[in-house]
Amino acid sequence: MVMFLGVLFLCLLAGIYGVGEISMFFQNEDTVLSSPRQVICGAAQEWIKSASNRTKGVNKVQIHVAWEPPRLGQFKLNVDGSRRSVTGCIGARGVIRDSFGDWVSGFAVNLGKGQVLEAEIWGLFFGLKLAIEEGINCLIIEMDSTTAINLCQNSSMLTVHPLATLVRSCCDLMQQVPSCALQHVFREKNGVADQLANWSYQVELWLCVFEHAPSWLSAYLVDDLLGIVHSRLVCLDQCV
């Protein structure tokens with residue numbers, strides 16, 4: 001039934017946009033979603049992939065991951081965003097640490113209602129603002145949203161994407177940091193930022209900055225300092 005609905009959906013898209021354009025989009029997994037048409041096709045592609053994985057099963061392997069401190073003289077920013085499906089509320093949070101794993105600054109922000117991708121990119125925005133305010137010149141940014149990273153790395157190709165202005169603002173902020181790298185990590189390596197999730201919903205609407213690490217985060221910070229390993233199942237092609 002799931003696959004039948006997927007095929008039906010593709011037929012509807014083909015009727016609207018044409019078979020050639022739909023097939024061309026699906027052959028290119030790196031396509032940047034820069035127009036309403038591509039946004040719709042992208043959603044269809046992800047839905048079909050998800051349905052296929054559930055029905056057919058995929059080959060997965062277990063890997064072990066752990067947070068790693070940056071090199072001496074560098075700082076690491078971990079950011080995350082989330083959405084509560086029941087209320088539609090979104091929030092973002094992040095933490096900056098130095099090469100010794102010590103807390104530099106952190107934040108949580110209540111963004112009202114919206115979509116999870118919006119929350120992820122706002123998290124990047126506020127994290128970069130905080131890093132610049134701290135005078136950081138060498139920054140490694142880690143986040144677990146591949147879509148947000150792809151948008152930032154292809155910002156010049158965005159036209160009418162609803163988050164284009166916010167993405168470009170993030171790119172402008174990254175250019176203000178002399179040495180800045182944005183990279184993807186699995187959620188298990190982003191644990192401290194993820195644990196700030198509840199605060200992003202509990203604070204008043206907008207931003208709360210933590211100059212010192214909250215006491216209830218101590219155990220997670222210690223785990224990162226000790227290099228505690230977390231397990232995760234990933235598809236084989238993610239291990240290549």
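D80 in β2 has R93 in β3 as its bridge partner. A second pair between these strands is L77 with I96 of β3. In this predicted model, strand β2 covers residues 75-83 and strand β3 covers residues 89-97, and eight bridges join the two in an antiparallel arrangement. The connection is a hairpin with five residues between the strands, and G88 in the turn has a positive phi of about 80°.

On its other pairing, β3 is joined to strand β4 (residues 103-113) by eight bridges, again antiparallel. Here A92 has V109 in β4 as its bridge partner. The hairpin of β3 and β4 has five residues between the strands as well, and G101 takes a positive phi near 80°.

How much of β3 is buried? Eight of its nine residues are, so the strand is largely enclosed by the rest of the structure.

## The sheet

These strands belong to an open sheet of six strands with mixed pairing, in the order β6-β5-β2-β3-β4-β7. The edges are taken by β6 (179-184) and β7 (206-210), each with a single partner strand, so one side of each has no neighbour in the sheet. On average, neighbouring strands are turned by 15° against each other, direction ignored. In general, strands of a sheet pair through backbone hydrogen bonds, either parallel or antiparallel.

Helix α5 (residues 146-153) lies across β5 (138-143) and β6.

## Packing of helix α4

Helix α4 (residues 116-133) packs with helix α6 (residues 164-175) and also with α5. The table lists the geometry of both pairs.

| Helix pair | Angle | Distance between axes |
|---|---|---|
| α4 and α6 | about 25° | 9 Å |
| α4 and α5 | about 60° | 9 Å |

Which orientation does the angle of about 25° between α4 and α6 give? It makes α4 roughly parallel to α6, since angles under 35 degrees fall in that class. The crossing of α4 past α6 is left-handed. On the α4 side, the residues that meet α6 are E118, I121, W122, L124, F125, L128, K129 and I132. The α6 side supplies L166, V167, S169, C170, L173 and M174. By class, the residues of this contact divide into 11 nonpolar, one polar and two charged.

The pair of α4 and α5 is oblique, and α4 passes α5 in a right-handed crossing. In this contact, L117, E120, I121 and L124 of α4 meet T147, A148, L151 and C152 of α5. The contact has six nonpolar residues, one polar and one charged.

## The chain as a whole

The secondary structure of the protein chain comes to nine helices and eight strands. Of its 240 residues, 44% count as buried. Among contacts in the chain with a separation of 6 or more, residues 24 or more positions apart account for 71%.

Note on methods
Residues numbered from 1 in each chain as written. Predicted model: local features only at pLDDT ≥ 70, side-chain atom pairs only at ≥ 80, totals over all residues. Heavy atoms only, no water. Axes fitted to C-alpha atoms, helices over the stretch in contact; angles between N-to-C directions. Helix = DSSP H or I, 4+ residues; strand = E, 2+ residues; numbered from the N terminus. Parallel < 35°, antiparallel > 145°, perpendicular 65-115°, else oblique. Left-handed = near helix turned anticlockwise from the far one by under 90°. Contact = heavy atoms within 4.5 Å. Nonpolar A, V, L, I, M, F, W, Y, C, P; charged D, E, K, R; others polar. Pairing = 2+ DSSP bridges. Buried < 20%, exposed > 50% of the residue type's maximum accessible area, 1.4 Å probe, protein only.
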